[in-house]
Amino acid sequence: HTALMPAGPAVPHPGVDPRTLAHTTAHSLAAAINAKPPPRIFWQVSGDATGGTALTAFLKELRVALHRLVEETLATIYLLNLPDLSLILEDATDERKALVRGGVEQWNRVIAEVSTPHGNRVRLSDLYLHSREIFDLQGGNAALAGLVWQAVKAAAT
């Protein structure tokens, strides 16, 4: 599957990559836009969701990043959302897991809403549907890339 992935940065594992969207926008977005070909997969949410970024601040940054990607490239952007992070809370109470799951679902609703105005240029690739598979992976980033590619192919149809 990784041979089918478009060129671009490695796929981070949810909850491990500490970078925020604001950091990426400030330090990497221009280079990504100018890359030939530009990246088609955009997954920059886990550092914000797990690092304390306010959802409104993330929403503002996401709007800016998507606008730039759509306006400054010809690429179709596949926007990935969050998998169910409650699945990695092994020792948490059911109540705590439900709160985390609700938070993830709220972030994913916002991500979906922000992608909508861009029509077919930004397509939501739903990783939430593959949450269990993502956290059960044994093959590291290569296996994760395969699941991401499945989500992208589903969004492309």
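Guide: Before we start, a residue is called buried here if its relative accessible area is under 20%, exposed if it is over 50%, and partly exposed in between, with a 1.4 Å probe and protein chains only. This is a predicted model, in which local features need pLDDT of at least 70 and side-chain atom pairs count only at pLDDT 80 or more, while totals for chains, interfaces and linings use all residues. Residues are numbered from 1 along each chain as its sequence is written, and side-chain values use heavy atoms, with hydrogens and water left out.

Visitor: Which residues have the most contacts inside the largest nonpolar core?

Guide: Those are F42, F58 and L62, in a core of 38 residues. A nonpolar core is a set of buried Ala, Val, Leu, Ile, Met, Phe, Trp, Tyr and Cys residues joined through side-chain atoms within 4.5 Å. At least two residues of this core come from each of α2 (29-34), α4, β2, α5, α6 (131-136) and α7 (140-156), and α4 gives the most, with eight residues.

Visitor: Stay with F58 for a moment. What does F58 touch?

Guide: Leaving out residues up to four places away in sequence, F58 touches L21, Q44, V45, D48, T53, W107 and I111, a contact being heavy atoms within 4.5 Å. F58 counts as buried because its relative accessibility is 2%.

Visitor: W107 is in that list too; what kind of aromatic pair do F58 and W107 form?

Guide: A search of the whole structure finds one aromatic pair, and this tilted pair of F58 and W107 has 4.9 Å centre to centre and 45° between the planes. Rings of Phe, Tyr and Trp (its six-membered ring) pair if their centres lie within 6.5 Å, and planes under 30 degrees apart count as stacked, over 60 as edge-to-face and the rest as tilted.

Visitor: Which helices do F58 and W107 lie in?

Guide: F58 lies in helix α4 (residues 55-72) and W107 in helix α5 (residues 94-115), so the pair ties together parts that are 49 residues apart in sequence. W107, at 10% relative accessibility, also counts as buried.

Visitor: Then on to α5 itself. Which of its residues are buried?

Guide: They are V100, V104, W107, N108, V110, I111, V114 and S115. Seen down the axis of α5, these buried residues fall within an arc of 160°, so they line one face of the helix; the arc is that of the directions from the helix axis to the C-beta atoms. On the other side of α5, D94, E95, L99 and E113 are exposed.

Visitor: What covers the buried residues of α5?

Guide: The cover includes α3 (46-51), α4, β2 (77-80) and β3 (122-125).

Visitor: How far does α5 reach?

Guide: With 22 residues, α5 reaches 31 Å from its first C-alpha to its last, close to the 32 Å expected at 1.5 Å a residue, the expected span being 1.5 Å times one less than the number of residues.

Visitor: Changing topic, how many salt bridges does a search of the whole structure find?

Guide: The search finds two, taking a salt bridge as a side-chain nitrogen of Lys or Arg within 4 Å of a carboxyl oxygen of Asp or Glu. In one of them the side chains of R101 and D84 meet (3.1 Å, N to O); R101 lies in helix α5 and D84 in the loop between β2 and α5, so the pair ties together parts that are 17 residues apart in sequence.

Visitor: Is D84 buried or exposed?

Guide: D84 counts as buried, at 7% relative accessibility, whereas R101 is partly exposed, with a relative accessible area of 30%.

Visitor: And which side chains meet in the E72 salt bridge?

Guide: E72 meets R68 there (3.0 Å, N to O), and both residues lie in helix α4, four residues apart, about one turn of the helix. E72 is partly exposed at 43% relative accessibility, as is R68 at 24%.
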